[in-house]
Amino acid sequence: MYIKKIVLKTALVLLGSATANNAAAQHIEAKNQTINVGQVMFRQPVAVDYEIHNRSSRSMHIDNVRTSCGCTTVDYPLTTIRGDEFFTVRVVYDAKQMGHFEKQIGIYANGQKSPYVLTLKGVVVDEVTDFVGDYPYQLGDLLVDRNVIEFDDVNRGDRPMAKIHILNNTDKPVQPVIMHLPNYLLADISPSEIRPGRSGEAILTLDTRLLKDFGLMKTTVYLGRQPGDKVAHEKEINISAVLLPNFTDLTDVQLAYAPHIQLSTTTLNLGPFSGKKKLKGEIDIQNTGKTTLDISNVEMLTTGIQMSLNKTKLEPGEYAKLKITAVEKDFKLAKEPRIMMISNDPQQPKIIIDVKAE
């Protein structure tokens, strides 16, 4: 099979990878459409092979390949590719510029006007460094430095990120993947392939615009060894976030007339069980502000507690009552039993109530 090499010095203008790929995807599909090579040494070109499948039953021909800059060269088959055949496209990045890079390669096949787009990502450094911390958690065959991520106190529009360091503790290369991602979480793993004994990282980004409600969000994702890996309990990563109302744009006048929440206590001590199956207590809530107080969310952060709130909207001076019940068999197993309350009080939009019993 003949190979054609191209070097383009003109910019590739892509109409949008999603639209372009829909047009060509009926014919070709890459095993990994985006490859992150991680850290690359300065002035040491990096080569990446994309394994691509002609999904059609008919033969095809690559008409043209374009790149987003002249810093990449591409080798691709020049001869006809039979139906259901796999072929390789090799991309080489020259690594002559320090810092992060993301390059696109557009493949035009069988007369298609829109390209199938491949992406090459990484970062050019003057010294390759691995994470030197500990990896205390095992997720399947991989070791990680953390298996719990908490995005605390974020506002709508924020895009906080969290990093998980991954160590390949096996004797074969792995291509880690984060499975069961909800739409409000994005994951980028660098490098895409981690060699035996080497480390990489997964960067998780929370898109708060896609969270529906204020308050606590919890979800579980899974770290797989490679695409198509099976979901299992021992591969879990627990993720939580607390979305709060944003009051940063309020004027001094608006703040002066804002609602204000006041609780009779934020630490409720229910005393000893002394043979009782349940203990009950109450917390009084008052709006001491000048406009309507809206308690948008009240939820338990641990098990072992039951609760009810008789009113969520309080006019100035009004009271509400939060009733709390601790159930002995579950309460004693709970770690730091707490309740979280979210309101439109700009001074304290989140309140944590500690519940104690003996």
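**Charges over rings**

Modeller: Let's begin with Arg156, which lies over the face of Phe214 at 5.4 Å from the ring centre. This is a predicted model, where local features need pLDDT of at least 70 and side-chain atom pairs count only at pLDDT 80 or more, while totals for chains, interfaces and linings use all residues. Residues are numbered from 1 along each chain as its sequence is written, and side-chain values use heavy atoms, with hydrogens and water left out.

Colleague: What makes a charge sit over a ring?

Modeller: NZ of Lys or CZ of Arg has to be within 6 Å of the ring centre and within 35 degrees of the ring normal. Arg156 over Phe214, at 5.4 Å, is one such case. Lys290 is another, with its charged end over the ring of Tyr257 and 5.1 Å from the centre.

**Rings facing rings**

Colleague: How many aromatic pairs are there?

Modeller: Three. The rings of Phe131 and Tyr135 form an edge-to-face pair, because their centres are 5.5 Å apart and their planes stand at 85°. The rule takes rings of Phe, Tyr and Trp (its six-membered ring) with centres within 6.5 Å, and calls planes under 30 degrees apart stacked, over 60 edge-to-face and the rest tilted.

Colleague: Is Tyr135 called buried or exposed?

Modeller: Buried means under 20% relative accessible area and exposed over 50%, with partly exposed in between (1.4 Å probe, protein chains only). Tyr135 has 16%, so Tyr135 is buried. Phe131 has 28%, so Phe131 is partly exposed.

Colleague: Which strands pair with E9, and in what sense?

Modeller: Pairing needs at least two DSSP bridges between two strands. E3 (residues 34–41) has six bridges to E9, in the parallel sense, and Val40 has Val124 of E9 as its bridge partner. E8 (residues 99–109) has nine bridges to E9, in the antiparallel sense, with Phe101 opposite Gly122. E8 and E9 make a hairpin with six residues between them, and Asn110 in that turn has a positive phi of about 50°.

**The largest pocket**

Colleague: What makes a region a pocket?

Modeller: On a 1 Å grid over the protein atoms alone, a pocket is an open set of points where a 1.4 Å probe fits, with protein on both sides within 12 Å along at least five of seven lines; lining residues have an atom within 4 Å of a point. The largest pocket is lined by 44 residues, and Asn36, Val37, Gly38, Ser190 and Pro191 lie nearest its centre. Among the elements giving two or more residues to that lining are E3, E8, E9 and strand E15 (185–190).

Colleague: What is the volume of the largest pocket?

Modeller: About 1,100 Å³, where a volume is the space filled by probe spheres set on grid points joined across faces, edges and corners.

Colleague: What stands out in the backbone at Ser190 and Pro191?

Modeller: Most residues other than glycine have a negative phi, and most peptide bonds are trans. The bond from Ser190 to Pro191 is cis, with omega near -5°, and Pro191 lies in the loop between E15 and E16.

Colleague: Where do Arg43 and Glu336 lie?

Modeller: Arg43 is in the loop between E3 and E4, with a positive phi near 65°. At 55% relative accessibility, Arg43 counts as exposed. Glu336 is in the loop between helix H3 (328–331) and E26, with a positive phi near 50°. Its relative accessible area is 52%, so Glu336 is exposed too.

Technical notes. Helices (H or I, at least four residues) and strands (E, at least two) are DSSP runs, numbered from the N terminus.
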